[in-house]
Amino acid sequence: MEANTASNWFLLSMVLFLSLQLTQCSVTYDRKALIINGQRRILFSGSIHYPRSTPQMWESLIQKAKDGGLDAIDTYVFWNLHEPSPGNYNFKGRYDLVRFIKMVQKAGLYMHLRIGPYVCAEWNFGGFPVWLKYVPGISFRTDNKPFKLAMQKFTQKIVQMMKDEKLFESQGGPIILSQIENEFQPVSKVIGTAGHAYMTWAAKMAVGMGTGVPWVMCKEDDVPDPVINTCNGFYCDYFSPNKPYKPTLWTEAWSGWFTEFGGPIHQRPVQDLAFAVARFIQKGGSFVNYYMYHGGTNFGRTAGGPFITTSYDYDAPIDEYGLIRQPKYSHLKELHKAVKLCERALLTADPTITSLGSYEKAHVFSTKSGHCAAFLSNYNPKSSARVTFNNKHYNLPPWSISILPDCKNEVFNTAKVRVQTSQVKMLPTNVRFLSWDTFNEEISSANDDSTITVFGLLDQLNLTRDASDYLWYKTSVDISPSESFLHQGQHPTITVQSAGHAMHLFINGRLSGSAFGTRKKLRFTYTGNVDLKAGANIISLLSIAVGLPNNGPHFETRSTGIIGPVVIHGLDHGERDLSRQKWSYKVGLRGESMKLGSPNSFSSVGWMQGSLMAHKQQPLTWYKTSFDAPEGDEPLALDMTGMGKGQVWINGKSIGRFWNVYANGNCNGCSYSGTFRPIIKCQFGCGHPTQQWYHIPRSWLKQTKNLLVVFEEIGGDVSRIGIVKRSVTSNSETSIVCAEVSEYHPSIENWRVESDGKSEALDMPETSLHCAPGQSISAINFASFGTPSGTCGSFQHGTCHAPSSHAVLEKECIGQQECLVTISNSSFGADPCPNVTKKLSVEAVCASTNTTIARTNSRL
Ligand code: GAL
């Protein structure tokens, strides 16, 4: 009896203990999903990195993300911004992480905080502060005491900040998930046991911080419990977590890809992205984060790589400027709605998979309580398929999935895009630069007191500590008057070996040539003639970093700068190796030390006023002018056509690096179907400058007298610089809109989830066609109520077709900005084929009622 009472007490206290745990810890997980306040959830999330836009843009970006059907925002935390020198923290302005998270909270969204603190992200040094490299005895991302100490200290700092502000979900805040490290497995494979020890330490360290929300590690299959391993990639349906009791989470669904200077623009068709997401969900995945949802801008010198462009647009659903990118944004929004209609079935049942053909499958989620959702897939990249499922026929375009939230009616197909493509234009503004002042950067003088002189060649980062992109290497060469080349009108040559990333060579103060590495091949050799005279010749090499590496094992140990040898060839005594002789070094440019980019630069600076020199293609020149802000609130950009390479500032804020380098790539087509890889398809802009426009945040401008400063390395024509505004329209003159609605397939707006979790269609299905504001329907290219096939742009009549289809659509729609047609036999006079499920497919033309409409931050 006593024993029984004791065991009852034990049970009771266990129950109490467990329920206490539950109330304290509001985010948990099981094999199906993250569980927030007791409920499993399917969550869509999007990466928006706070320093890649301005606080003035955050609210609108977050709202657009919410309107696009996202439940959560994801960001990395950028250590090098927050701790520029050991123990000095900065969380102001664009770096105000807490403010960003509170805006997410205010919008009613969740947050995934990827602390890292290694972040990769095409960000300078992968987010590590450069001073970290110089901590004695340090070795990054391995079982190394100084590194682990520093990493723990920063992680602790961020976690404590979040706790103090009550931002974890366990405290009533929005953070439901945190990440430690980032894609460690590829590095771990290279470094072996020390890597494994470090990774398990990192997991334990993070869990020990007691945030009350789960931690994840992406791309790290060995991660110990309770940390969840997650997938990153273009497709993640192959992925399963390392334990059967963990949910399947996709932390980076790549919505596009980044750009590097000299490379093309990569785009990922939304049909393929939606297909990838639907594949993941049908496999049982329950969390998808788009990387990126808004890519934004690498302002200042934050771009990594090296060679990552200032634009980090990423072909994301919200473009670099904060405008909605169509059809990506709305097609994904429809996908999110369609998946949410299936949520209850997806989260309760496991899929039953049946084959519907050689490439076709049905994934059916059917619950005991009567919920049923089906995903019908066609993996054939070439042909569409007509499949029969539950005695009904469905047309599946190539490489697509149809979603049936009630196992009967298709509400969405990943390849049927019903949204128009937005057309982007960069339009001129009324800004004119009246005159440009110039300042010639001096080709470093050896006698300057800030120079260091040593024998031999030094690593660039060792000297600059990344305080500047620039390092001067300077030496002198004596040429005897008897050298034969002086008398034969010939030139010796020079070879210079650099570890990266770019270099300009000056002989006796004159630009003699330049050389550049690439992202894949940082090291390069410069070879060129040199114009040497008898006597002393000054050889000045300006070595330039173009963003520090952000990935690969021990990227911190890679060298930068002129590593040598530096050799002169063609002298009477053969080669002369200059590598070991005396070199003097100077960090940065004179203009940088005088803060020329800033409105508070030293007043003593000798700018040459309104000079004609501005039109001469002079290397190493600073230019300044001022301008009044253009009217309106459209996003703005600098058009840097005509310039070479350098950096640009507005009112002292760095817009970033510019480089007018032409894109090399294979711009040979972009079919949405078939496996997407940025290196094999969907490249754009070959033969054009990789980046022509540089985002100017509106909030950085005053109404009048804005200071624009440009530093040009090679030579450019400032008279060709302009300020343009970004306008987004649906094809300015005409555009095509399509709709496909089944008799039993109301548009997705007409569905709702009932209180018991079942999804049901409301009312009769309708087709709705919308033209953008300022446009109206001018023609019906195709209309068929019956069994038409094909997709937008290539619809075809089927065996069943109501002859009145075209006339009905014309009557209802021509001249209207939008029109609705009820899908029923009576709308089309009579039933064209009884007992057959019919649909209406329409392709219409929208034409402008006036010309281009500039879009600002308003929602589309
Ligand atoms: C991933 C990495 C991200 C980003 C992405 C490419 O591997 O985790 O930080 O670099 O690649 O954009």
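Predicted model: local features only at pLDDT ≥ 70, side-chain atom pairs only at ≥ 80, totals over all residues.
**View 1. The whole chain at a glance.** The chain runs to 860 residues, and 58% of them are buried. In secondary structure terms, you're looking at 14 helices and 46 strands. Along the principal axes, the C-alpha atoms fill a box of roughly 100 × 85 × 50 Å. A compact globule with 860 residues would have a radius of gyration near 29 Å, and the chain comes in at 31 Å, so the two agree.

View 2. Glu-183 puts a polar side-chain atom 2.4 Å from an oxygen atom of the ligand. For Tyr-76, a polar side-chain atom is 2.7 Å from a ligand oxygen. On its own, the ligand has 310 Å² of accessible area, and the protein covers 95% of that.

View 3. Now for a look at strand β9, residues 228–233. Six of its six residues are buried, so the strand is largely enclosed by the rest of the structure. In a regular strand, side chains alternate between the two faces of the sheet. Which residues of β9 lie on each side? Ile-228, Thr-230 and Asn-232 are on one, with Asn-229, Cys-231 and Gly-233 on the other. Both faces are covered, as the residues on either side are all buried.

**View 4. The strands that pair with β9.** Zoom in on β9 again, this time with its pairing partners β8 and β10. Strand β8 (residues 215–218) pairs with β9 in the parallel sense, over three bridges. Look for Val-216, whose bridge partner in β9 is Ile-228. Strand β10 (residues 249–254) also pairs with β9 in the parallel sense, again over three bridges. There, Cys-231 has Trp-250 of β10 as its bridge partner. Cys-231 is one of the buried residues from the previous view, and so is Ile-228.

Note on methods
Residues numbered from 1 in each chain as written. Heavy atoms only, no water. Polar contact = N/O pair within 3.5 Å; in protein donor to acceptor, adjacent residues only side chain to side chain. Areas by Shrake-Rupley, 256 points an atom, 1.4 Å probe, with all protein chains shown as cover. Buried < 20%, exposed > 50% of the residue type's maximum accessible area, 1.4 Å probe, protein only. Helix = DSSP H or I, 4+ residues; strand = E, 2+ residues; numbered from the N terminus. Pairing = 2+ DSSP bridges. Rg over C-alpha atoms; globule rule 2.2 N^0.38 Å.
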